[in-house]
4 protein chains.
Amino acid sequence: MSTFGTLFKVTTYGESHCPSVGCIVEGVPGGMNLDASDIQPQLDRRRPGQSKLSTPRKEDDKVVIHSGLENGRTLGTPIAMIVKNKDHHPQDYSETDFYPRPSHSDLTYLLKYGIKAASGGGRSSARETIGRVAAGAIAERFLKLANNVEIVAFVSSVGKISIDKNPSSPYFQNLLNTITREQVDQFNPIRCPHKDIAEQQIKLTESVKAQRDSIGGVVTCVIRNVPKALGEPCFDKLEAMLAHAMLSIPATKGFEIGSGFYGTTLKGSEHNDMFSKNTDSNDPNDKYNLKTLTNFSGGIQGGISNGEHIYFNVAFKPPATISQPQETATYDGAPGVLKARGRHDPNVVPRAVPIVEAMAALVLADALLIQKSREYAHSIVDFSKVF
Amino acid sequence: MSTFGTLFKVTTYGESHCPSVGCIVEGVPGGMNLDASDIQPQLDRRRPGQSKLSTPRKEDDKVVIHSGLENGRTLGTPIAMIVKNKDHHPQDYSETDFYPRPSHSDLTYLLKYGIKAASGGGRSSARETIGRVAAGAIAERFLKLANNVEIVAFVSSVGKISIDKNPSSPYFQNLLNTITREQVDQFNPIRCPHKDIAEQQIKLTESVKAQRDSIGGVVTCVIRNVPKALGEPCFDKLEAMLAHAMLSIPATKGFEIGSGFYGTTLKGSEHNDMFSKNTDSNDPNDKYNLKTLTNFSGGIQGGISNGEHIYFNVAFKPPATISQPQETATYDGAPGVLKARGRHDPNVVPRAVPIVEAMAALVLADALLIQKSREYAHSIVDFSKVF
Amino acid sequence: MSTFGTLFKVTTYGESHCPSVGCIVEGVPGGMNLDASDIQPQLDRRRPGQSKLSTPRKEDDKVVIHSGLENGRTLGTPIAMIVKNKDHHPQDYSETDFYPRPSHSDLTYLLKYGIKAASGGGRSSARETIGRVAAGAIAERFLKLANNVEIVAFVSSVGKISIDKNPSSPYFQNLLNTITREQVDQFNPIRCPHKDIAEQQIKLTESVKAQRDSIGGVVTCVIRNVPKALGEPCFDKLEAMLAHAMLSIPATKGFEIGSGFYGTTLKGSEHNDMFSKNTDSNDPNDKYNLKTLTNFSGGIQGGISNGEHIYFNVAFKPPATISQPQETATYDGAPGVLKARGRHDPNVVPRAVPIVEAMAALVLADALLIQKSREYAHSIVDFSKVF
Amino acid sequence: MSTFGTLFKVTTYGESHCPSVGCIVEGVPGGMNLDASDIQPQLDRRRPGQSKLSTPRKEDDKVVIHSGLENGRTLGTPIAMIVKNKDHHPQDYSETDFYPRPSHSDLTYLLKYGIKAASGGGRSSARETIGRVAAGAIAERFLKLANNVEIVAFVSSVGKISIDKNPSSPYFQNLLNTITREQVDQFNPIRCPHKDIAEQQIKLTESVKAQRDSIGGVVTCVIRNVPKALGEPCFDKLEAMLAHAMLSIPATKGFEIGSGFYGTTLKGSEHNDMFSKNTDSNDPNDKYNLKTLTNFSGGIQGGISNGEHIYFNVAFKPPATISQPQETATYDGAPGVLKARGRHDPNVVPRAVPIVEAMAALVLADALLIQKSREYAHSIVDFSKVF
């Protein structure tokens, strides 16, 4: 459905070619300073037309806050945000009246809803993610206030051109410890933080574009200053919620947390994260103040955050819309050749970066609110005789 | 939380060392033939002590159905299932009173709940998955009845020893098309369907066990005869629900659907799944009857099933409990050496197979019920003027 | 929270003095004819300023549909609807900076959210109900299509002036059988369907208004052509969902279904509804075709609709805003006299009529979708050996 | 469905004639002292066979806790509780194979689920409420710990014999202020706290029983020491959740909060609750410390608790099972005479008292957890410039 979250909750609406797209965000604490300028930067990072590597569709994507705010303060009530759809070209899609586009959702939407949008991707369009990014920007402000949480996503690979993301490599560990959004955007348009590799990725993308083709990639995300104890066993473990959130982003094919698939090749003696005293920390809610010496766990143990960095990879397939003729079939099953003419990205990963950050923020804000209700309960229980 | 699903819904309970573990399943259609013998086989496949490769904990794990059933028929009401915990050895865990076990959930449970089970993994124990497997067995019966759905999981890799799981390899495609649970169990204890590779995996597991160590692995799952149109955009896409379900299984680190991470290296022209008439099908609910010639999508497009096989990989880390001394710290932060003495598996993947199948069944049964409510709506709408 | 429903679901937003109010409706079947003119009539019935009996606040409350619609057909995707706030007079409320208004939510919002809207009722304003009415209008269209469901609410009492609503009175039974919205609106501005009593109620309201006071009342609602088998035991019985829905409407104090509180005075032999063959019905889904000879149950037995009329009463308190000085206290606890100056209704019941209808429609549409998923399951089960 | 609540959540299972009934409770804080003896007293008050006024079915209804507990402390994990069904007499119900019992759920369950329990009420039996009462007892312990919350329900009327429950009467106000469960049980078997009226109610019940008939009644409930700021506008207002909870109890027909239906007859100037300084209170979370001089609101304003007593009435219909022949129809529609022979109560209200208390506790515990997550957020927001 179009609602995500339990206490911190977003509901989105909108198709590629309707008057507007947007969302309602519920569970935002009252009294927070907020205005549209807190939300616009992430929308700008998601916006099409930022560079020659992305779709030329022109949208300024200006967000307007319609509720939940008074005199620059949140009221604790639902926040509605609206972004107008401006540059829609319905005529671009006429040929798709006869052909379901390969690896698109034309056929499956038709099977599911009995009808599909005549123009563009409809609800399956990437414009649907605008509501997510707007909501995520609010979640991020709350997390910043709560624990100075930092969420930074970046492109780690395009096609086979990848940074070293072995979880035990010093390069990768250092990257996770230090990378900032400002650094990520320096390497725009590709948003890979390794200068040489970024250049190769840009070249690859340009070459693929010249071939009227597209290419996949991986977005890596790190979350620092994560409050401890977030995540709800057994079904709503923190990594399960992150996986749910990430696989709900259009074009995603995979998710791995911490050591991920690489971790399956290790022995327990290599993979276990040993504890030691965390002399840097003075979290009053944590009398243990332990840290781990390695972090193959990716900051989550037993489905619950342990305070170490959370990091994960998200796989994005090559965009399905390509400017090549494709030998496929019409809705009626007649073989034929489809020429797609819509405007699309040769590579979605640069624009996916703020979407991954937004979904991560939504998961964490919700988990934080849920855990805080439990911590209240702890304050009224006499634990004196408990371990 | 401990509830999963919207209409077909399971709520589980139980720790490793309490009187019983089990679940309540809601949303099971009335009138279905059902008794404990329909559920026991999958519990038996999950049971510890099946071979020398798994924990020697002895549990016969006999399920008893307490409600929702009369004269061998479901009543449509909640089905409670209970499995007694028998062979618990609380004393085995005494040393963990001082040490949080590395890469276990001892510390994070304590941070989250203010208390943790003194014995064993408590709620984070693999015994929690008994309720899932029991519920999944009922979901499977419903799916079988509905569309003859077949769900088969198997071990594809242990450590680095892997079958060929390139989504375009003929070997792998054939495996997805034909593999049965009977075949998977022939290669017990490892449950890898490739005889030679299974033997290597068994050897590796035995060697790791001899070293008092553990090793990770990957479980692959295929779902055949999937009803079309399942999955709820935008947040509850079918792959997002599967990812959520799989990452909620203890010890999982990753999930990939269809082409997965490999797919990020392909071009759109290689990755797109072209359509053609499906002359074999006569699904009365689908006037299009299209199939795809390849299946990099993994049976899901736009978050909605297209009727092709759904297949995915789930990464399992090496079990955190190893029989080696580990240099770590006590809860108080004092450095020291922990010797774990509990009974555990050198490798969880063989026993994970029925758990993966169960979670897949729960996701599909829920998605099917939700979609069927929509298909009713279609029957009352006049689509004559719609595309 | 601001979301209601499971499959047919509305999320609302908006305060009394923000740019707009509105909602997102999810679960609307695809392919339905729909445009704003299907929704506007109920918004017009809810609108302030319809007569001298209601608040003079002037709002034309024109709804705009922003998504989920193409060429006059629903797409099955979320439908966003927006109504601008025009005539806001923030200055009217300045005195309430010092006084929490008695029996308003000023104090409780401040306690809950740490902040409250400076102007008017904020989120607790009746303008919040616009989203409900808009969503309810779509639910009604679906229910009409599904089973020609008719929902008619009317004012049954104002103060002590009441129609005969004894559930066994022939007058009341006939009213339930025949009353239409057109008839209800003939007696506008009070919307009581009994001409003489309506006139007395109007006089009472005018007299109360002249006294700068307000008065309570009861809205009665009947639902005809209810599909059988709706409602989800045990917690989401149909009457429980209706009670939830009705008590969520601002200013409500009570709910009774069927015989209600009167029914508590009866004996079982008087109250039981005997069955007989329903020779008028030929519902193919109901092989029993039984009706009841009386209907003290109010169309629901065991939490599940039986096909008889559902009818219920909803109690509305007198509006808390009155134009009299009130001896109360400031936020600081200092005793003082508050003069309220906002524009409000002497009586909310006439404008509550479409809100009650909307909430009833939302409950039924959701229950219908949920039940239809179950009826699908029935179609695949072999009930031949079942009772 | 069979799950109630968001963070403090109960899922129940069980029919009248299956091996056991029970529930899983989630969201219970860790570290609380708890054992079966904390739960048994309310189950004993609900138990059949307590007096000649209730059904002679003999069940000792001993609860066993299966999970979530270790050494007398809660673990924060799901608590499963099981009560065996002992005295089931399936043969008592054979005649109902042919007749749907009037005003029972036999027919509606059959319509809904395609099957119904052959014996007794199945899922619609009052035995379903055992899980609610057990869960409610845990919720009460949490509320007691949190704010010394007191929940006391009692029978206020049987048939037309009622105590004075006018919300402005000194008698009723005093009753709400002082009544205890011990006092309520002194007047067992009827549980009306007014000695003379209790005697009349007992006589009426005995007389009705002698006539092989049944009679309805009203249960009133007061909640004292309610934490302020509970309840979630707009749809989950505290009174809306209470209404939902109460109307989900079998045999209920109505709910009214505070002034209720009586309040509809008052003017705003009579009904408004004026504020004054609360010199008795020193709640550190409430800098306002205001109380109201009257309490027509019933402790809730704008859907949010204001710290005054919450009080409400719940209407119970006369039990549908009576020992008289009833002229009705068979499932096939043939007219005939049904003689019911099951064991049932002439009056459900005395046994409903602990069920009403349990449902009230569940609503409050959930609302408290949700609000506490918000209060955390307040602690991190700088409200210095906010009103």
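How many residue pairs are in polar contact between chain A and chain B, counting pairs with both residues at pLDDT 80 or more? The count is 58 residue pairs. Please keep in mind that this is a predicted model.

**Where chain A meets chain B**

- Chain A brings 111 residues to the contact, and chain B brings 111 residues.
- Between them, the two chains bury about 8900 Å², with 63% of that on carbon and sulfur atoms.
- On the side of chain A, the residues that lose the most area to chain B are A:Lys112, A:Phe235 and A:Lys253, together 10% of what that side buries.
- Two salt bridges are counted between chain A and chain B.
- A:Lys112 forms a salt bridge with B:Glu232, and their closest N and O atoms are 3.0 Å apart.
- H2(A) supplies the largest share of the side of chain A that touches chain B, namely seven residues.
- By class, that side of chain A has 47 nonpolar, 41 polar and 23 charged residues.

**The second largest pocket**

- The second largest pocket has a volume of about 1400 Å³.
- Its lining is made of 46 residues, and those nearest the centre are B:Val226, B:Pro227, B:Lys228, B:Asp283 and B:Asp286.
- Elements giving two or more residues to this lining include helix H2 (106-113) of chain A, helix H3 (129-147) of chain B and helix H10 (349-380) of chain C.
- H10(B) gives the most to the lining, with six residues.
- The lining residues divide into 17 nonpolar, 18 polar and 11 charged.

Note on methods. Residues numbered from 1 in each chain as written. Chains lettered and ligands numbered in written order. Predicted model: local features only at pLDDT ≥ 70, side-chain atom pairs only at ≥ 80, totals over all residues. Heavy atoms only, no water. 1 Å grid on protein atoms, 1.4 Å probe; cavity = no way out; pocket = protein on both sides within 12 Å on 5 of 7 lines; lining within 4 Å. Points joined across faces, edges and corners; volume = space filled by probe spheres on them. Helix = DSSP H or I, 4+ residues; strand = E, 2+ residues; numbered from the N terminus. Nonpolar A, V, L, I, M, F, W, Y, C, P; charged D, E, K, R; others polar. Contact = heavy atoms within 4.5 Å. Buried area = accessible area lost by both parts, 1.4 Å probe. Salt bridge = Lys/Arg side-chain N within 4 Å of Asp/Glu carboxyl O. Polar contact = N/O pair within 3.5 Å; in protein donor to acceptor, adjacent residues only side chain to side chain.
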